[in-house]
Amino acid sequence: MGSRYGNNGNKIKLKFDFRSDTVTRPTPRMLSAMLEAETGDDVFNEDPTVNKLQGKIALLANKEGSLFCPSATMTNQLAVRTHLTQPPYTVLCDYRCHLVNYEAGAHVTTLQPENGLNYLTAETIKKNLILDDDIHHSPTKLICLENTLNGEILSIEEIKKISELARFHGIKLHLDGARIWNACVATGLSLSDYCQYFDSISVCLSKGLGAPVGSVLIGSAQFLKKAKHFRKMYGGGWRQAGILAAGGLYALEHHLSGLKTDMENAKYVSEKIKSFGFTITKKTETNMVWFEIPKSYNFSVEDLKVQLEKFQCVIFGGKYDYECRLVFHHEITKEGCDLILEGLQNCVKTFATIEKDNLFEENDKKKYLNL
Ligand SMILES: *Cc1c(COP(=O)(O)O)cnc(C)c1O
């Protein structure tokens, strides 16, 4: 199936896969760059391609260095482990963040955004810091932010305030920036604009950027020396990793600006979905569209999943009955956008006709619309 970078050479004809941007496969040009990569033993710091990637990311972030790792779970966990050596301590973050929900193992305090906001403010964080030395408490030593979170951008102004608060109290600040590239492209801010406020940053090469494997941990030389030690301990000391680093380098050089197309596609689909009567539940600011199926529509995400298969589109089904997430990436072409819209429209029509025969449902619908 296509990609905006041409046919990716995969023999399996996959459908348009809206489940995540992790599904993106290497393009033929990326694969040739990987085949041609110069390699060496990275445990000895001798892989020239890994060194090139790490140098490039450090330069983009305007930090002392960076460390290439197999996954963002590893870069996040290395950051937590490296920042926190001496217990007791508390890590503070948004209750929806990846670090807590999908990376078993970290001991953390999770906060809900207040006042109907969709992001944590410095004010909310300030109220929840543990600063005393009461022996029953674990002082806050690390704050982790995620940007983007559910496809929404955390404003640089708020980050600045949180950073000032953290620095004032000697608390470290980590950014889970798996999708920071999408935020950069949407806001026009650079990686270093964001990174200046953080002690460490984790970025993904294998999501929207489309490299097959890899995340990079960014920070000071001293921090990275320790992180590298832990990476080895966890079994992440890899040898001729330059083949993978070459995929990451290629992605950075050729796929970054394409994230803008993903954002435009997401916004296009989001507007249309709204006009079909679905509720957009999170701001469509980057490459994700979150929407809810009105109860009156009489179908669930699971039904939608089955219907959309007929339109060559794959979505996640089942986790939440009525809320659905679509993720845009380079394998979702314009054709894919139009197909999913056609599928959605068709679903509404199909179930609406069933509904008309059912008076009880009609009354229910009226009640719902009056709310
Ligand atoms: C995907 C993701 C991760 C984990 O990345 P893996 O490489 O799959 O381990 C961490 N944080 C965020 C925000 C992510 O989206």
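**Close-up 1. T49 and its neighbours.** Leaving aside residues up to four places away in sequence, T49 touches A37, E38, G242, A245, A246 and L249. This is a predicted model, and here T49 sits in helix α2. Is T49 buried or exposed? With a relative accessible area of 10%, T49 falls under the 20% cut-off, so T49 is buried.

**Close-up 2. Helix α10 and what covers it.** Helix α10 takes in residues 242–254. How far apart are its end C-alpha atoms? They are 18 Å apart, which agrees with the 18 Å that 13 residues should span at 1.5 Å a residue. The buried residues of α10 are G242, A245, A246, G247, G248, L249, Y250, A251 and L252. Elements covering the buried residues of α10 include α1 (28–35), α2 (48–61), β2 (65–69) and α7 (180–187).

**Close-up 3. K207, a lysine with an annotation.** The unreviewed UniProt entry marks K207 with "modified residue: N6-(pyridoxal phosphate)lysine". Where does K207 lie? Look in the loop between β7 (200–204) and β8 (215–219). K207 has a relative accessible area of 14%, under the 20% cut-off, and therefore counts as buried. Beyond residues up to four places away in sequence, K207 is in contact with D21, T22, T24, A178 and R179.

**Close-up 4. The second largest pocket.** This pocket holds about 220 Å³ of space. Its lining is made of T82, H83, T85, K172, D199, G219, S220, Q222, F223 and K226. Which helix gives the most to this lining? That is α9, with 3 residues. Both α3 (72–83) and α9 (221–233) supply at least two residues each. By class, the lining of the second largest pocket divides into 6 polar, 3 charged and 1 nonpolar.

**Close-up 5. The largest cavity.** Rolling a probe the size of a water molecule over the atoms shows where empty space is left. In this model the count comes to 1 cavity of 30 Å³ or more. About 130 Å³ of space lies in the largest cavity. Which residues line the largest cavity? They are D94, R96, N118, Y119, L120, L145, E146, L149, E152, I153 and L154. The lining of the largest cavity has 6 nonpolar residues, along with 4 charged and 1 polar.

Methods
Residues are numbered from 1 along each chain as its sequence is written. This is a predicted model: local features need pLDDT of at least 70, side-chain atom pairs count only at pLDDT 80 or more; totals for chains, interfaces and linings use all residues. Side-chain values use heavy atoms; hydrogens and water are left out. On a 1 Å grid over the protein atoms alone, a cavity is a set of points where a 1.4 Å probe fits but cannot get out, and a pocket is an open set with protein on both sides within 12 Å along at least five of seven lines; lining residues have an atom within 4 Å of a point. Grid points are joined across faces, edges and corners, and a volume is the space filled by probe spheres set on the points. Ala, Val, Leu, Ile, Met, Phe, Trp, Tyr, Cys and Pro count as nonpolar, Asp, Glu, Lys and Arg as charged, and the others, Gly among them, as polar. UniProt positions are given in the numbering used here, feature names are shortened, and annotations may be inferred rather than shown by experiment. Helices (H or I, at least four residues) and strands (E, at least two) are DSSP runs, numbered from the N terminus. Buried means under 20% relative accessible area, exposed over 50%, partly exposed in between (1.4 Å probe, protein chains only). Contact means heavy atoms within 4.5 Å. The expected span of a helix is 1.5 Å times one less than its number of residues.
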